[in-house]
Amino acid sequence: MFVHRLKGMLFGALPLLVLFLLWQSAAMLLESNNFPSVIQVFTSLHLHLFDGDMLHHLLVTMMRVTVSFVIAMLLGVLIGVMMGAFARLNSAFDSLLVIALNIPALVTIILCYVWFGLVEASAIAAVAINKIPTVVVMVREGARVVDRDLLDVARVFQVSRFRYFFKVYLPQLYPFIMASARSGLSLIWKIVLVVELLGRSEGVGFQLGTFFQFFDIASILAYTLAFVAIILVIEGVIMRPLDRYIARGGYGQS
Amino acid sequence: MVSLDISIQSKVYPNSLERVLEGLDFSVSKGEFVALVGPSGAGKSTLLNMIAGLEKSDPGEVLYNGSSMAGRPPCKIGYIFQQPRLMPWLTVAENLRLVMPKVSDTQIEAILTRVGLSGKSTSYSKQLSGGMQRRVSIARAFLTQPELLLLDEPFVSLDAPNAQRLRDLLLELWQEHKPTVVFVTHDLNEAIQLADRVLFLSSAPGRVVLDKVIGIQRPRHSEDNAFQQWKAQMLSEHSGLLEGDSQ
């Protein structure tokens with residue numbers, strides 16, 4: 001069992017090892033300051049982590065990601081469920097949704113900063129506004145294909161509204177909510193970095209901007225690696241267990 | 001227990017001109033087991049859904065103990081659907097608790113033992129066979145001790161021995177609790193075996209073309225003489241009955 005799992009992990013890490021090898025070889029061949037080697041990046045990572053303030057900036061960015069993620073998911077699910085369940089509401093707001101989906105993230109960020117000032121709330125709002133429409137679209141599709149037969153079971157057996165929503169209705173949306181959460185996380189942290197680059201004095205985005213001014217590519221890549229590592233941990237510790245919970249009983253699997 | 005009085009002038013689905021039911025009148029006494037037999041498209045499931053409150057009905061069309069319903073039916077209903085309709089993300093016990101939250105583990109185990117599913121309370125529906133899932137849906141319907149039990153061809157697509165076992169189980173549970181039962185089927189043998197009375201529906205738009213009391217002692221078996229004679233006599237008197245013809 002242990003050997004089997006070890007083999008699986010090694011197999012999964014193989015592409016990453018190959019990538020690092022290719023990267024290292026290319027960097028050694030080019031010998032350019034703009035293309036640091038893997039070793040230089042990891043050295044920089046070690047330096048920022050233990051002698052610099054990387055942890056502080058990572059925490060600030062993670063806080064922004066978490067808050068805007070939670071707001072976007074809550075509002076997106078709520079609006080998506082309403083639009084999926086009520087056809088009139090959907091037709092009334094559909095064009096607005098298309099517009100919201102296509103407004104560039106940068107425009108929202110600039111407008112939020114201009115209208116509400118260079119404050120934390122503007123940053124969070126800008127990120128959430130960018131993500132909400134995509135959550136709405138995914139959840140709306142889920143709400144449209146909810147199994148009416150199962151809802152009828154709850155109605156005929158006079159199940160309470162609370163249990164109807166949480167035990168019968170919402171579980172049917174979980175795969176859609178999960179898909180939007182997963183895509184949301186990757187989108188949100190990218191937008192958060194832009195928000196920080198443009199108008200905050202802390203966070204990974206702000207740091208990347210600073211390193212860019214000094215052409216410190218090794219530090220830029222070190223911060224990127226650190227953040228990607230955090231996202232991978234979130235994937236392994238939160239997303240995958242949630243996936244397993246949702247798929248209990250084989251639901252959502254063919 | 002509950003009695004039913006059905007009087008449907010006409011039932012048309014929204015955005016459709018086709019009449020599903022028309023001039024349909026019948027009554028069901030408290031604790032009576034009535035089977036509805038009719039061809040496909042006779043509106044049998046629509047009728048059951050109207051009784052269950054899942055399908056809209058006009059005031060006076062469905063009366064429970066002589067009173068019309070406003071919103072929800074005013075009695076506890078158990079419904080065994082054509083498909084078991086278990087929530088796939090809930091275990092067997094959780095499916096049962098969904099319809100009766102305050103039920104104890106002992107009660108759950110007792111009803112599961114009754115339907116031959118002892119020790120399956122933690123299984124998910126995908127881990128059960130089709131017959132087992134139907135047993136869970138029977139357990140779910142009886143757990144609430146319904147005053148009115150509705151069944152929509154619940155044993156269709158099951159193999160014969162399994163279907164027979166479930167019919168026996170249904171009869172056993174009905175005789176214990178005596179809910180009023182409306183059982184929809186297209187299988188005349190099944191109707192004769194189970195019901196006190198059989199109502200034959202016409203083809204669409206559905207209406208009652210024959211209302212017949214089955215005066216045979218239970219238990220009834222399709223190979224028994226009395227069973228065969230009753231069936232043969234009725235079919236000879238009313239040829240074309242199963243196709244929805246009243247002649």
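Modeller: Buried area, as I use it here, is the accessible area for a 1.4 Å probe that two parts lose on being put together, summed over both. Please keep in mind throughout that this is a predicted model, and that every value below is computed from it.

In terms of contacts, four residues of domain 1 of chain A touch six residues of domain 2 of chain A. Between these two domains of chain A there are zero salt bridges, although two residue pairs are in polar contact, with both residues of each pair at pLDDT 80 or more. The side of domain 1 of chain A that touches domain 2 is made up, by class, of three nonpolar residues, one polar residue and no charged residues.

The contact of chain A with chain B can be described in the same terms. Here 20 residues of chain A and 25 residues of chain B take part, and the two chains bury about 2,200 Å² between them, with 64% of that area on carbon and sulfur atoms. Within chain A, the residues that lose the most area to chain B are Val156(A), Phe157(A) and Gln158(A), which together make up 31% of what the chain A side buries. The count of salt bridges between chain A and chain B is one: the side chain of Asp149(A) meets that of Arg85(B), at 3.6 Å from N to O. Seven residue pairs are in polar contact across the interface of chain A and chain B, again with both residues at pLDDT 80 or more.

Which elements of chain A give two or more residues to the side that touches chain B? They are helix 7 (148-156) and helix 8 (161-199) of chain A, and helix 7 of chain A gives the largest share, six residues. By class, the residues on this side of chain A divide into eight nonpolar, six polar and six charged.

These surfaces belong to a chain with ten helices and zero strands, and the C-alpha atoms of chain A fill a box of roughly 70 × 60 × 30 Å along the principal axes. In helix 6 (residues 120-144) of chain A, Glu141(A) and Arg144(A) lie three residues apart, about one turn of the helix, and they form a salt bridge in which the closest N and O atoms are 3.1 Å apart. Over all chains, the structure holds 22 salt bridges. Further along, in the loop between helix 9 (204-213) and helix 10 (217-246) of chain A, sits Phe215(A), whose phi near 50 degrees is a positive value in a residue other than glycine.

As for the partner, chain B includes an open sheet of four strands in the order 2-1-4-5, with antiparallel pairing. Strand 2 (19-28) and strand 5 (67-68) of chain B stand at the edges with a single partner strand each, so one side of each has no neighbour in the sheet. Strand 1 (residues 4-12) of chain B pairs with strand 2 of chain B in the antiparallel sense over eight bridges; Lys11(B) has Leu21(B) of strand 2 as its bridge partner, while Asp5(B) stands opposite Ser27(B) in strand 2 of chain B. Six residues lie between the strands of this hairpin, in which Asn15(B) takes a positive phi near 60 degrees.

Chain B also has cis peptide bonds, including the one from Ala204(B) to Pro205(B), with omega near -5 degrees, where Pro205(B) is found in the loop between strand 9 (197-201) and strand 10 (208-213) of chain B. Another cis peptide bond joins Arg218(B) and Pro219(B), with omega about -5 degrees, and Pro219(B) lies in the loop between strand 10 and helix 7 (225-237) of chain B.

Methods: Residues are numbered from 1 along each chain as its sequence is written. Chains are lettered from A and ligands numbered from 1 in the order in which they are written. Side-chain values use heavy atoms; hydrogens and water are left out. Contact means heavy atoms within 4.5 Å. A salt bridge is a side-chain nitrogen of Lys or Arg within 4 Å of a carboxyl oxygen of Asp or Glu. A polar contact is a pair of N or O atoms within 3.5 Å; within protein, one must be able to donate a hydrogen and the other to accept it, and residues adjacent in sequence count only if both atoms are side-chain atoms. Ala, Val, Leu, Ile, Met, Phe, Trp, Tyr, Cys and Pro count as nonpolar, Asp, Glu, Lys and Arg as charged, and the others, Gly among them, as polar. Two strands pair if DSSP finds at least two bridges between them.
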